[in-house]
Amino acid sequence: MKQKQTLFLVEVAVFSALAYLLDLFSGFLFSRIWPQGGSVSIAMVPVFLMAFRWGIKGGVLTGFLFGLLQFILGMSQIYHPVQGILDYLVAFALLGLAGLFAAQVKASMQDGKKNKWMAFVIAGTFIGSALRFISHFLSGWIFFGSYAPKGQSAWLYSFIYNGTYMLPSMILSAVVVILVISAAPSRMVQFADVSKKTM
């Protein structure tokens, strides 16, 4: 049990750091397109993998640490403490709720139902991404409304701004997560067993 807890903590740290590095790279590439923050990237993939391997606890903790790294080390855009918390700590922790489907992914893989576990992965990725989007949307609506073009409401500006990078990032992340799990299905089932015992 202690060995499993150590493995869990090590993987949380490694996957959080990997997510941060992926996001840092994409931030350099897309900072001119989304000047108030955000980018199309696969930085959510490590969080989703932890969510499907270890359940909600693993996903939320990895996402929270990923957001914390951005908050204190990355190219974060913080204009107000509440905005910073919403855009980084809350938004990325919510990605971990994809772990709601960890047990279903495990069961479907054990039964050899590829289409079924892929559907659960897509559903989990969608829910995690949608919740992250809502957090960014609220932050943009409340704190970034002044950047809206003349005649455009703050809520619509936030919806469009955040949607333009969140939608492609969600699709890209779902594809990459499916490819990674397909490459090592037995490992995913093993981690799903661990997650069930440590939740």
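Which residues form one aromatic cluster? In this predicted model, the cluster consists of Phe 133, Phe 137, Trp 141 and Phe 159. Local features were required to have pLDDT of at least 70 and side-chain atom pairs pLDDT 80 or more, whereas totals for chains, interfaces and linings use all residues. Residues are numbered from 1 along each chain as its sequence is written, and side-chain values use heavy atoms, with hydrogens and water left out.

A search of the whole structure gave twelve aromatic pairs (rings of Phe, Tyr and Trp, the last by its six-membered ring, with centres within 6.5 Å; planes under 30 degrees apart are stacked, over 60 edge-to-face and the rest tilted). Among them, Phe 8 and Trp 54 are edge-to-face, because their ring centres lie 5.1 Å apart with the planes at 70°. This pair joins distant parts of the chain, with Phe 8 in helix H1 (residues 2–30) and Trp 54 in helix H2 (residues 45–54), 46 residues apart; helices are DSSP runs (H or I) of at least four residues, numbered from the N terminus. Phe 8 is buried at a relative accessible area of 9%, and Trp 54 is buried at 0% (buried is under 20%, exposed over 50% and partly exposed in between, with a 1.4 Å probe and protein chains only). Tyr 161 and Tyr 165 form another edge-to-face pair, 6.3 Å centre to centre with 85° between the planes. These two tyrosines are four residues apart in helix H7, about one helical turn, and both are buried.

The charged end of Lys 57 sits over the ring of Phe 8, 5.1 Å from its centre (NZ of Lys or CZ of Arg within 6 Å of the ring centre and within 35 degrees of the ring normal).
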